[in-house]
Amino acid sequence: MLNEQLRRVLQQMPKAELHIHIEGSLEPELIFALAERNGVKLAYGSVEELRAAYAFTDLQSFLDIYYAGASVLLKEQDFYDMTAAYLKRAEEDNVRHTEIFFDPQTHTHRGVAMDVIINGIYRACQDSPVSATLILCFLRHLSEEDAIVTLEAALPYRDKFIGVGLDSSEVGNPPEKFARVFARCRELGLHLVAHAGEEGPPAYIYTALDTLKVERIDHGVRCLEDPALTERLAREQMALTVCPLSNIKLCVFDKMEQHNILDLLNANIVATVNSDDPAYFGGYMNDNFIATFEALPLGLSHAQRLARNSFAAAFLPAAQKQQYLDEVDAFFAKV
Ligand SMILES: [Zn+2]
């Protein structure tokens, strides 16, 4: 059992979230409300029926439902409402800064225009007291040509996103499939991240680093299978955005007691805690922290380290980053 003091610290400590897919924050209630508002027919009869379908066996079984849920998003206000709902939850969890992933292809392929997507999400970020920036993700199960077309369509809104990422079905879609589009994004001065080493092998982490030249690895938990890679990630202080509840829901680990986040920290890796797709995986930031600390021998010093890591790994100007790190240290000095 988690003691009350540690639980309170986890809830109240300032933190950043660096791995959240905004479409994965769509709660069943909002899916049904938007379906009704837009006259979209869902394959599920009720909120309960939809929630009951959230028993995933792997990444793909989740993605099938995830794309069905996103089908209710049609108008700018829908994207605004989804993002505003997430940011409100983040604020309640004392998230000070968040870097939000969005998947334009999930929507442009349904005929939704790029400006509708970006403007809706961006406007909600502007209206929130939480600092929030956007990372455009390419769907890796689609072609690189499709990613290039998507990038071109998004460039008129270049000032509204800070980077690009790579998500969706990992196995069979290695990072190097997207070498050209990432090279182009690098030229454009965009930050680069990619999902790698969640279900895919350590080899995908190597190519994300060496071919795509990413600045953070999303997930990356399988790095520990390769000692040389583990050592390199620690030496280069390459951050991993780890998502504990997601890893359990998608069976990357059977139980939280088996999760390797403590091993990552012990290997001197800059691991962070994040929610991934909170509406689908059973919780937002604080739920992830509490579930992890309940199952593993983690204490106050780990909490401080994880909070510091979250800001250290953020794409923020140095002065702002230091301000957040000082805020974390001031918080822990009083614990
Ligand atoms: Zn993810």
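Tutor: In helix H2 (residues 28-38), the buried residues are Pro 28, Leu 30, Ile 31 and Leu 34. This is a predicted model: local features need pLDDT of at least 70, side-chain atom pairs count only at pLDDT 80 or more, and totals for chains, interfaces and linings use all residues. Residues are numbered from 1 along each chain as its sequence is written.

Student: What makes a residue buried?

Tutor: A residue is buried if 20 or more other C-beta atoms lie within 10 Å of its own, exposed if 12 or fewer, and partly exposed in between, with C-beta atoms placed from the backbone. Pro 28, Leu 30, Ile 31 and Leu 34 are the residues of H2 that count as buried.

Student: How do you know that the buried residues of H2 line one face of the helix?

Tutor: The arc is that of the directions from the helix axis to the C-beta atoms. Down the axis of H2, the buried residues fall within an arc of 160°, so they line one face.

Student: Why are E6 and E7 called paired strands?

Tutor: Two strands pair if DSSP finds at least two bridges between them. Strand E6 (residues 216-219) and E7 are joined by 3 bridges and run parallel, so they meet that definition. Asp 218 has Thr 241 in E7 as its bridge partner.

Student: Why is the crossover from E6 to E7 called right-handed?

Tutor: The term applies if, with the strands pointing away from the viewer, the path from the first strand over the helix to the second runs clockwise. Here the chain passes from E6 through helix H11 (residues 227-235) to E7, and this β-α-β crossover is right-handed.

Note on methods
Helix = DSSP H or I, 4+ residues; strand = E, 2+ residues; numbered from the N terminus.
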